[in-house]
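Work through the exercises below with the coordinates open. Each task is followed by a stepwise solution.

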Amino acid sequence: MANAASMREEAETVAVKALGFVAADLELLPRFLAITGIEVQSIRKAAAEPGFLAGVLQFILAHEPTLLRFAEETGTPPAAVGKALRALPLGDDDHERST
């Protein structure tokens, strides 16, 4: 079984692919920005924030046609997106949160 650091690295790779997928799509990007409240010029800064990559995966998972298109275009199995989400901070309740 892969260790936690390896699983997180793989999850981050999937999330970065998902971010690139969203950023390259002229229909998805405006919707993503509107939902998150992030401005396009702030994406790089936001990407460094805890939970951002999990949010990108949640966005992909929230719309099955988007998930299936992402999976097809990137060769990522749809189930791997949910698995990646759970391996990221704020992707499930098993990660510590600051208060």
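**Exercise 1.** At what angle do α1 and α6 pack, and how far apart are their axes?

Solution. The model is predicted: local features need pLDDT of at least 70, side-chain atom pairs count only at pLDDT 80 or more, and totals for chains, interfaces and linings use all residues. Residues are numbered from 1 along each chain as its sequence is written, and side-chain values use heavy atoms, with hydrogens and water left out.

Step 1. Helices are DSSP runs (H or I, at least four residues), numbered from the N terminus. Axes are lines fitted to C-alpha atoms over the stretch in contact, and angles run from 0 to 180 degrees between N-to-C directions.

Step 2. The axes of α1 and α6 lie 8 Å apart, at an angle of about 120°. α1 is therefore oblique to α6; oblique covers what is left after under 35 degrees (roughly parallel), over 145 (roughly antiparallel) and 65 to 115 (roughly perpendicular).

Step 3. Met7, Arg8, Ala11 and Val14 of α1 meet Val81, Ala84 and Ala87 of α6, where contact means heavy atoms within 4.5 Å.

**Exercise 2.** Where is threonine 76 placed, and is threonine 76 buried or exposed?

Solution. Step 1. Threonine 76 sits in the loop between α5 (64-74) and α6 (78-87).

Step 2. Threonine 76 counts as buried because its relative accessibility is 5%; buried means under 20% relative accessible area, exposed over 50%, partly exposed in between (1.4 Å probe, protein chains only).

Step 3. Leaving out residues up to four places away in sequence, threonine 76 touches Val14, Lys17, Phe70, Ala71 and Val81.

Key: Helix = DSSP H or I, 4+ residues; strand = E, 2+ residues; numbered from the N terminus.
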